[in-house]
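Have the sequence and the model open side by side.

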Amino acid sequence: LHDEVVKPIAMAATKGAWYRRWRLVSLDGSTLDVADEKGNDEAFGRPGASRGESAYPQIRFVSLVENGTHILFGSRMADYATSEIALAKTVLPSLGKDMLCLADRGFFGFAMWKQAAATCADLLWRVKKNLLLPREKDLPDGSYLSRIYASEKDRRRGTDGVIVRVIEYRLEGVEGAEPLYRLVTTILDDELAPAGELAALYHERWEIETAFDELKTHLRGARIILRSKTPDLVRQEFYGLLMAHYAVRGLM
């Protein structure tokens, strides 16, 4: 029911929802505390803490957010031990044509990239600075074309590579900025989306943090845990919370 109801809603005039022809969406994950009950503990587990374990069991979830509206869609939840990557793989099918998906470096991997690109969405993901991305073709805007591979063996043989466009930049004079940022994108034509514009655009990924804050703090109440006392009701409450957030955002 959640996937049938909660969909992107931005219209052409919605501020911050679009970049050129693309609908902007971001991918990320978070956690929520749930009631400290034996069943919840067994079903969901809890994170470690400096002294033993956390006070509450937790669920982990991954969502897509429509940047301009903060609608959280395609969301999936699981126990705390489930990785964000595993959950993200179940979220990616909610991507679609004419979307541009932003994601942080923790999500990048060959298999994830291919799965996300197969949805016909375009991608703009940050990658780790030690990822090997040799220059194959320099582009006029300072970006360049490279290839990613599933394995080092494929790389050595030059087999089954996927072409990506690489954008590298620095944030001069910005306190706390890292020495170098590296993005890869499926948009290979620098005239369709110049490097400078994509570099600025990537930092709008933080819209998903604002959406998570709305869900976890403003809608639910600061430091209030999900109250359901059984795993099935926790799952029901989580998706109910998302639908309530959708209803509120849809009225704004």
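## Arg126

Arg126 counts as buried because its relative accessibility is 6% (buried means under 20% relative accessible area, exposed over 50%, partly exposed in between, with a 1.4 Å probe and protein chains only). You'll find Arg126 in strand E8, residues 122-126 (helices, H or I, are DSSP runs of at least four residues and strands, E, of at least two, numbered from the N terminus). Leaving out residues up to four places away in sequence, Arg126 touches several others, including Asp104, Glu178 and Tyr202 (contact means heavy atoms within 4.5 Å).

## About the model

This is a predicted model, where local features need pLDDT of at least 70, side-chain atom pairs count only at pLDDT 80 or more, and totals for chains, interfaces and linings use all residues. Residues are numbered from 1 along each chain as its sequence is written, and side-chain values use heavy atoms, with hydrogens and water left out.

## Aromatic pairs

Searching the whole structure turns up six aromatic pairs (Phe, Tyr and Trp rings, the six-membered one for Trp, with centres within 6.5 Å; planes under 30 degrees apart are stacked, over 60 edge-to-face, the rest tilted). Phe61 and Phe238 make a tilted one, 5.2 Å centre to centre with 50° between the planes. Phe61 is in strand E5 (residues 58-66) and Phe238 in helix H8 (residues 231-250), so this pair ties together parts 177 residues apart in sequence.

Trp113 and Trp125 pair edge-to-face, at 5.3 Å centre to centre and 90° between the planes. Trp113 belongs to helix H4 (residues 110-117) and Trp125 to strand E8, and both are buried.
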